[in-house]
Amino acid sequence: MDEIIRVENIKKTFCNNLEILKGISFSVEKGEVLSIIGPSGSGKSTMLRCISQLETVTDGTIKICGKTLVENGVYADKKTRHEIILKSGLVFQNFNLFPHYSVLKNVTEAQIRVLKKSREEAESVAMEFLDRMGLAAKADAYPCELSGGQQQRVSIARALALKPEVLLFDEPTSALDPELTGEILAVIKELAAEKMTMVVVTHEMSFARDISSHIIFMDGGVIVEEGAPEDVINNPKVERTKAFLSRFSNV
């Protein structure tokens with residue numbers, strides 16, 4: 001299999017000397033789904049933001065699709081970083097749609113600016129993915145006219161329209177009420193069935209167990225336990241993992 005992401009001993013310390021990541025290492029192969037679970041403040045989202053270049057690491061190495069983003073804390077040149085950022089798409093927990101853009105423009109704009117596509121081509125691709133998300137009829141609507149679940153589906157369509165090698169999800173259902181959560185989880189399950197490579201930070205334990213090739217449990221900026229979903233979720237070995245999972249009644 002082809003390795004899509006390799007993370008080696010990454011560390012992240014903020015300016016107040018608060019160490020959030022204390023040496024995280026893992027890899028993701030093409031077609032795999034890695035779910036990252038753990039309590040709030042464990043470093044899950046920070047780690048994802050380091051992979052997507054929204055945060056810089058203090059030390060360590062990150063490679064994406066064979067290209068080195070950072071090695072032992074030293075970042076690649078701007079051109080390489082730009083090439084790497086095109087390989088991954090990030091879906092935020094709070095949608096991050098432009099409120100003054102229509103649904104269609106939200107999905108086309110990055111294609112035009114980043115991929116340098118013509119507007120006609122970008123709109124064709126956008127409609128393809130909006131249709132897939134069941135939102136073709138909402139192309140001219142604005143985010144404020146959509147439900148939270150619909151907004152999140154637009155953000156997934158926007159990420160997919162850039163044709164990334166890997167999708168990164170940062171707690172994609174945390175801003176949704178329980179009735180809307182299911183529709184987003186169904187979309188991600190469909191992508192997993194199609195062998196889309198994904199890294200998913202989530203609090204949905206049964207969902208993580210069902211879709212994942214591999215699960216990591218983080219706490220305090222380190223990986224406490226990792227392995228196959230049935231082992232980590234159903235039969236954890238570490239007491240800290242057991243204590244965390246005991247809070248969830250549906251696993």
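In helix α1, residues K44, T46, M47, L48, C50 and I51 are buried, where buried denotes under 20% relative accessible area, exposed over 50%, and partly exposed the range in between (1.4 Å probe, protein chains only). Helix α1 is thus described as mostly covered, with six of its eight residues buried. Just after this helix, Q53 adopts a positive phi of about 70°. Helices (H or I, at least four residues) and strands (E, at least two) are DSSP runs, numbered from the N terminus.

The structure is a predicted model, in which local features need pLDDT of at least 70 and side-chain atom pairs count only at pLDDT 80 or more, while totals for chains, interfaces and linings use all residues. Residues are numbered from 1 along each chain as its sequence is written, and side-chain values use heavy atoms, with hydrogens and water left out.

An open sheet is formed by six strands in the order β7-β8-β9-β3-β10-β11, with mixed pairing; two strands are taken to pair if DSSP finds at least two bridges between them. Strands β7 (88–91) and β11 (222–227) lie at the edges with a single partner strand each, so one side of each has no neighbour in the sheet. On average, neighbouring strands are turned by 15° against each other, direction ignored. Strand β10 (residues 214–219) pairs with β11 in the antiparallel sense over five bridges, and M218 has I223 of β11 as its bridge partner. Helix α1 (residues 44–51) packs on this sheet and touches β3 (33–37), β7, β8 (166–170), β9 (197–201) and β10. The direction of α1 makes about 145° with that of β8; axes are lines fitted to C-alpha atoms, for helices over the stretch in contact, and angles run from 0 to 180 degrees between N-to-C directions.

Helix α5 (residues 148–161) contains R153. This helix is mostly covered, as 14 of its 14 residues are buried. R153 is itself buried, with a relative accessible area of 13%. Leaving aside neighbours within four places in sequence, R153 is in contact (heavy atoms within 4.5 Å) with M133, G134, L135, E183, I184 and V187. At 1.5 Å a residue, the 14 residues of α5 should span 20 Å, which agrees with the 20 Å between its end C-alpha atoms; the expected span is 1.5 Å times one less than the number of residues. Just after α5, K163 takes a positive phi of about 55°.
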